[in-house]
Amino acid sequence: MYVVVVGGGKVGWNLARELIDKGHELTLIEANQRRYATVEDALEHRVHYGDGSELWVLERAGIERAEMVIAVTGDDEDNLLICQVAREKYGVERVIARCNNPRNLPHFDLLGAKPAVSATDLILRLIEHEVPQYGMIHLLDLPEQELEIVELEVVPGAPAAGIEVRQLGLPDGALLISIVRENRGFVPRADSTVEAGDKVLVMLEMGLEEEINKRFAEAVAVG
Amino acid sequence: MVRVPGMFVLIVGAGRVGSAIAKGMLSEGHEVSVLDEDPEAIALLERGQDSGWEDMGGQFTVGTALEIDALLAAGIDRADAFVASTDGDNTNLIIAQIAKKRFDIEKVVVRVLDPLRAAWYREQGLHTVCPTQVAIEMLEAAVREEVA
């Protein structure tokens with residue numbers, strides 16, 4: 001595959017090296033002269049010096065025959081523009097954008113610079129995984145559909161512990177899709193029983209988190 | 001010139017160009033809001049004026065052009081006209097598209113120094129103004145005149 005990578009910082013350079021190792025043909029564009037000199041020592045003719053948001057620089061790098069363009073500069077406006085022209089002007093089918101400021105992610109969506117990868121956002125999600133809010137881990141968010149899949153651990157004394165799936169009485173908009181017990185997962189049936197210590201995967205409409213959490217992850221005070 | 005009374009104009013980037021447009025629009029009686037990342041940029045808006053920019057009725061917001069919070073604080077959701085005049089071509093082209101596509105602002109004008117990008121985005125329906133291209137044409141015409 002022929003790949004054009006714009007931005008030869010840590011991300012761009014390492015990415016370029018990995019892609020070359022995997023046998024892809026690649027051109028890296030770097031706008032800073034000193035950085036260019038450093039990267040050129042390693043990647044030689046595969047590095048072009050220039051501003052990758054200039055159309056003639058992209059054309060010189062052969063963007064017209066690129067099968068993938070990856071924009072990983074430190075400026076979101078540059079990454080946005082590069083992906084937009086790659087796709088719309090040069091007909092590149094696959095573009096990947098780095099989004100430096102996760103608050104800018106909606107701009108990437110709006111202008112079709114998708115998928116956009118935000119390291120900050122990824123780390124925030126990892127933090128959420130490690131320090132889950134309400135003991136709930138977000139496995140998948142589908143913001144456009146307003147759906148999410150979460151994982152919870154069933155605590156002893158929770159309303160759902162020891163209860164058959166059919167009797168769980170989950171609210172509308174929530175569905176138990178899997179139970180993980182002793183590292184083995186299965187799709188539950190109506191007569192499967194949820195046990196304390198299980199991990200459950202629940203698909204739910206956004207906004208139901210608190211209610212779902214109460215059923216599985218909060219022990220009921222025994223009077 | 002057609003006057004649109006009571007237009008709310010948002011100008012992003014208050015350098016020489018943006019501040020001059022801002023002053024002009026305000027003096028014509030429009031409501032004008034200016035967004036710039038440099039808090040000192042207000043000095044350009046007040047240069048040669050008797051009173052402060054905000055005293056004259058202008059609005060000034062400090063913030064990064066691409067940040068949605070800054071654009072909202074500057075009033076992008078109620079703007080009738082939008083001028084992108086920061087010193088970055090890419091920034092201008094992106095925020096102009098946000099103004100147009102996300103906030104449905106009808107009058108969007110973008111300053112783009114690079115003739116190639118200006119031309120392509122004009123073909124895509126953005127109203128780009130390229131001072132470089134204008135200068136090229138004027139200089140060429142001037143040279144021809146001298147030669148003739």
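Keep in mind that the model is predicted. Chain A has a mean pLDDT of 91, with 96% of its residues scoring at least 70.

- Five strands make an open, antiparallel sheet, running in the order E7-E8-E13-E10-E11.
- Strands E7 (136-142) and E11 (184-186) of chain A are at the edges with a single partner strand each, so each has one side without a neighbour in the sheet.
- From one strand to the next, the twist averages 20°.
- Seven antiparallel bridges link E8 (residues 147-153) and E13 (residues 199-205) of chain A; A:Ile149, for instance, has A:Met203 in E13(A) as its bridge partner.
- Helix H7 (residues 209-217) of chain A packs on this sheet and touches E7, E8, E10 and E13 of chain A, with its direction at about 25° to that of E8(A).

**Where chains A and B meet**
- The contact draws 15 residues from chain A and 16 residues from chain B.
- On the chain A side, helices H3 (55-60), H4 (76-88) and H5 (105-110) supply at least two residues each, and H4(A) gives the largest share, with five residues.
- That side of chain A is made up of six nonpolar, three polar and six charged residues.

Notes: Residues are numbered from 1 along each chain as its sequence is written. Chains are lettered from A and ligands numbered from 1 in the order in which they are written. This is a predicted model: local features need pLDDT of at least 70, side-chain atom pairs count only at pLDDT 80 or more; totals for chains, interfaces and linings use all residues. Two residues are in contact if their C-beta atoms, placed from the backbone, lie within 7 Å. Helices (H or I, at least four residues) and strands (E, at least two) are DSSP runs, numbered from the N terminus. Ala, Val, Leu, Ile, Met, Phe, Trp, Tyr, Cys and Pro count as nonpolar, Asp, Glu, Lys and Arg as charged, and the others, Gly among them, as polar. pLDDT is the predictor's confidence in each residue, from 0 to 100. Two strands pair if DSSP finds at least two bridges between them. Axes are lines fitted to C-alpha atoms, for helices over the stretch in contact, and angles run from 0 to 180 degrees between N-to-C directions.
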